[in-house]
Amino acid sequence: MAGPVRVEPLAKDQRSQRQQELVDEAGGELGVFTTLVHHVDLFADFLPLGGRLLRRSSLDAVDRELLILRTAAQCGASYEWSHHDPIGRRAGLNDDVIPLLADLGGTNGLRPHQARLARAADELVTEHRLSDQTWEELRQDYEQNQVMEICMLVGSYTMLAGTLNSLGVAVEPGYPVAPWERA
């Protein structure tokens, strides 16, 4: 469940030129960016990694978004979920898969490849490591560097989830509500 807003987004008229440039570089007036930009140097350092993982990933976009959505579900990260639900749909995920990613009771209903990715995200969030079995299964489908990227992607989105959850970044109107937030 969403917590209280602890750090308000920084209003446009309160930003320095550098802060505004970083918000623009990040993608515009989204709460994640306008909140994190309070810590301008940290945000500036975070952007290249976030951009690399999101825009220049060696992973297929569907696989990347499946991993992000499962991570968001594991972390109870409503903001992350609400923004990556439409990104995932544009990448090719649909109503047959997306609701299953929010069901943390297992991987029933997912195709084997999807289930392997969901288990990888589950292990990385809850155990902070891939089991030997999951590592070997992923290596059947991915090069070593891609498995490393899976670890970094899930780790980065876990970190971001904890930050956004702790700061209380609110989901903007018009974005889907995370399944665990629905009444």
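Residues are numbered from 1 along each chain as its sequence is written, and side-chain values use heavy atoms, with hydrogens and water left out. In this predicted model local features need pLDDT of at least 70 and side-chain atom pairs count only at pLDDT 80 or more, while totals for chains, interfaces and linings use all residues.

User: What makes up the secondary structure of the protein?
Analyst: Nine helices and zero strands. Helices (H or I, at least four residues) and strands (E, at least two) are DSSP runs, numbered from the N terminus. Along the sequence the pattern reads α-α-α-α-α-α-α-α-α.

User: Why is the protein called as compact as a globular protein of that length?
Analyst: The globule rule is 2.2 Å times the number of residues to the power 0.38, and the radius of gyration is taken over C-alpha atoms. For 183 residues the rule gives 16 Å and the protein has 16 Å, so the description applies. The C-alpha trace spans about 50 × 40 × 30 Å along its principal axes.

User: Why does E65 count as buried?
Analyst: Buried means under 20% relative accessible area, exposed over 50%, partly exposed in between (1.4 Å probe, protein chains only). E65 has 0% relative accessibility, so it counts as buried. Of the 183 residues in the protein, 45% are buried.

User: Where is E65, and which residues does E65 touch?
Analyst: E65 lies in helix α4 (residues 61–75). Contact means heavy atoms within 4.5 Å. Leaving out residues up to four places away in sequence, E65 touches L54, H84, I87, G88, A91 and L93.
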